[in-house]
Amino acid sequence: MPASKKTARRPLLVTSATLLSLSLTSLSTLTAGPAFAAFGAKPSPSPSASPSATPPANMSTVGGETLGEPGTQASLGSDAPVLPKGISARSWIVADAESGEVLAAHNAHWRLAPASTLKMLFADTLLPKFNKDDAHKVAPADLAGVGAGSSMVGIKEDETYTVHDLWLGVFLRSGNDAVHVLSAMNGGVKQTVADMNAHAEELQALDTHAVSPDGYDAKGQVSSAYDLTLIARSGLQKKDFREYCSTVRAKFPGETKKGKNGKKSRSSFEIQNTNRLLTGDSGLDSYQGIAGVKNGNTTNAGATFTGVAERDGRVLLVTVMHPEKDEHNQVYKETASLFDWGFKAAGKVTPVGELVPPKGAETTGGDAEPSARAGATASASASGGAGGKSVAAGASGGGGGVGVALGIVGGVLVLVAGGGFLVNRKWPLRGKKGGGSGEGLPG
C-alpha cells in the first residue's frame with residue numbers, strides 16, 4: 001500500500017508508522033469509489049429503542065448512585081468553570097479516560113438507540129479473534145441482511161479482502177458491509193451478536209443490548225452514554241482499535257477487472273474517516289488533540305458520538321447522544337464544548353461517579369497509593385521518564401487538526417495503554433500486546 005508523509009490539511013507533527021502507511025495526500029479520489037454509495041437507515045419502530053423526550057425516573061446506578069438520577073449531575077468547585085450552555089443532547093457524559101472519574105453527566109444511563117457507535121462494541125469484541133493479514137473471499141451469503149440504506153465501504157462479492165482492509169472499512173466508513181463480512185468470519189450475525197452481548201455484560205455495560213452487529217436500527221437495540229464510554233475505554237486498550245479509530249484516510253481495495261489483454265488488475269480508492277472532529281468539515285475545525293473514536297446517525301437514534309482527546313497530558317472521553325438541536329454537525333459541536341469544559345474543569349470538580357472495571361478484572365492492588373502519584377506515574381510513562389515530554393503533548397502544542405490527530409495516537413497509546421487503567425488501580429492493562437494482532441450517516 002503506497003504511503004505519503006502528508007495529510008490533506010497539515011503536516012504531521014508526530015507520526016505513527018502504522019498510521020503513516022495509511023495516510024494519503026489528496027481527497028480527489030474520495031468520491032471516485034463506492035464509499036459514498038449509501039448512507040442513512042430506515043428505522044424500525046421500537047418503544048424501547050425510540051426515545052421519548054423524558055428520561056425514565058429510575059435508571060441504572062452502575063458507577064454510582066448519582067449517575068442513575070435524571071438530569072444533569074455535576075459537583076463544581078468554587079473555581080470550576082460553569083457547564084457549557086446550549087447542550088441539547090438527551091444524554092451525555094464527560095469522563096477521565098485514565099482514572100475513570102466521571103466529571104459530569106446528563107441522563108448517563110438513559111437507554112437510547114446507539115446507531116453506529118455500537119460498532120465500538122463490535123470491534124472490541126472481535127478484534128482479538130483475527131490476525132490483520134488473514135484474507136477472506138467474500139461470498140454472497142456474507143452480505144445477506146445488510147440493512148437498506150446502510151453506510152457501505154463498497155465490498156464486492158467474490159473479491160478477497162484482508163482483515164486489515166475490513167477493519168478500515170468498519171472504522172473509517174462505518175461500513176455495514178464490512179461488519180457483516182467480519183461477522184460471517186466469526187460464525188455469522190447471530191453468533192456475533194451473542195458474543196457482543198456477552199462482552200457487554202463482562203464490561204458491566206448493562207444498559208446495552210445488541211440486536212444487529214452494525215448498529216442498524218433494530219427493535220430493542222439500546223445502549224447509553226455511560227456504556228458507550230465504558231466500551232470505548234475498553235477498546236482503547238487495544239493497539240489496533242486505537243490506530244483504526246484515529247486513522248483519517250486510507251486506501252481500500254477496489255474491484256478486480258480484466259483488461260483487453262486479458263490481464264487482471266485491481267485498483268484501490270480512498271476512504272476518509274466519518275468522524276468530523278478528526279477530519280474537520282465545512283464550518284467545523286478538527287478538534288485539537290482528538291484521537292477517535294466513533295460516530296453514528298440514524299433517524300431513530302439521531303446523531304451519536306463518542307470521542308477521546310488529550311490535552312496537557314490529560315485524556316478525556318466524551319459521549320453525546322441525540323442532540324435535540326437539528327443543526328449541521330451539532331453532535332460534534334456539543335462534544336467539542338464538553339471537551340473544552342472537561343479540560344478546564346479537571347481537578348476543580350468532585351466526580352459524580354466512575355467508569356467501572358469489567359466483572360472479571362483483577363485488581364492491581366495499592367489502593368493506598370495517592371491518585372496524584374499514580375497520575376504522575378502515567379505522565380512519566382507517557383514521556384519516557386520523569387521530566388520528559390510526552391509524545392501527545394508535543395503534538396498538541398503545534399496547531400491541532402488532522403496532523404495532530406494522527407500524531408496524538410502515539411501519546412494516547414502510551415497514556416491509555418501504558419498507564420491509563422493502572423492509574424485507576426482497579427484492573428490491569430489488557431491489550432498491552434496489541435489486542436487483536438450501523439447503519440448511519442457519516443455524521
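Phe122 and Trp167 are both buried. The model in which they occur is a predicted one. Together the two residues form an aromatic pair of the tilted kind, with 5.5 Å from centre to centre and 50° between the planes. Phe122 belongs to helix α2 and Trp167 to helix α3 (residues 163–173), so the pair ties together parts that lie 45 residues apart in sequence. In total, the structure holds 9 aromatic pairs. Ring pairs also join Phe122 and Trp167 to Phe171, Phe241 and Tyr244, giving a cluster.

In helix α2 (residues 119–126), 8 of the 8 residues are buried. Besides Phe122, the buried residues of α2 include Met120, Leu121, Ala123 and Leu126, and also Lys119, Asp124 and Thr125. Helix α7 (residues 239–246) is likewise mostly covered, with 7 of its 8 residues buried. Phe241 and Tyr244, which are members of the ring cluster, are among the buried residues of α7. The buried set of α7 also includes Asp240, Arg242 and Glu243, together with Cys245 and Ser246. A further contact involving a ring is made by Arg266, whose charged end sits over the ring of Tyr161 at 4.8 Å from the ring centre.

Thr306 counts as buried because its relative accessibility is 0%, below the 20% cut-off. Val293 is placed in strand β8. In general, most peptide bonds are trans, and most residues other than glycine have a negative phi.

Ser174 has a phi near 55° and is located in the loop between α3 and α4 (176–185). Ser174 is buried, as its relative accessible area is 4%. For Gln204, phi is about 65°. Gln204 lies in the loop between α5 (189–203) and α6 (225–235).

The loop between β8 (290–298) and β9 contains Asn300. This residue is buried, with a relative accessible area of 10%. The C-alpha atoms of Asn300 and Asp217 are 6.9 Å apart in space, while the two residues are 83 residues apart in sequence.

Val315 lies in strand β10 and is buried, with a relative accessible area of 0%. Phe343 is found in helix α9 and also counts as buried, at 13% relative accessibility. Although 28 residues apart along the chain, Phe343 and Val315 have C-alpha atoms separated by 8.7 Å. For Val315 and Gly342, which are 27 residues apart along the chain, the C-alpha separation is 9.9 Å. Leaving aside neighbours within four places in sequence, the contacts of Phe343 are Tyr287, Ala309, Glu310, Arg311, Arg314 and Leu316.

Rolling a probe the size of a water molecule over the atoms shows where empty space is left. The second largest pocket holds about 240 Å³ of space. Its lining is made up of 14 residues, and those nearest the centre of the pocket are Asn297, Ala303, Lys325, Asp326 and Glu327. At least two lining residues come from each of β9 (302–311), β10 (314–323) and α9 (330–345). By residue type, the lining of this pocket comprises 3 nonpolar, 7 polar and 4 charged residues.

Key: Residues are numbered from 1 along each chain as its sequence is written. This is a predicted model: local features need pLDDT of at least 70, side-chain atom pairs count only at pLDDT 80 or more; totals for chains, interfaces and linings use all residues. Side-chain values use heavy atoms; hydrogens and water are left out. On a 1 Å grid over the protein atoms alone, a cavity is a set of points where a 1.4 Å probe fits but cannot get out, and a pocket is an open set with protein on both sides within 12 Å along at least five of seven lines; lining residues have an atom within 4 Å of a point. Grid points are joined across faces, edges and corners, and a volume is the space filled by probe spheres set on the points. Helices (H or I, at least four residues) and strands (E, at least two) are DSSP runs, numbered from the N terminus. Ala, Val, Leu, Ile, Met, Phe, Trp, Tyr, Cys and Pro count as nonpolar, Asp, Glu, Lys and Arg as charged, and the others, Gly among them, as polar. Buried means under 20% relative accessible area, exposed over 50%, partly exposed in between (1.4 Å probe, protein chains only). Rings of Phe, Tyr and Trp (its six-membered ring) pair if their centres lie within 6.5 Å; planes under 30 degrees apart count as stacked, over 60 as edge-to-face and the rest as tilted. A charge sits over a ring if NZ of Lys or CZ of Arg is within 6 Å of the ring centre and within 35 degrees of the ring normal. Contact means heavy atoms within 4.5 Å.
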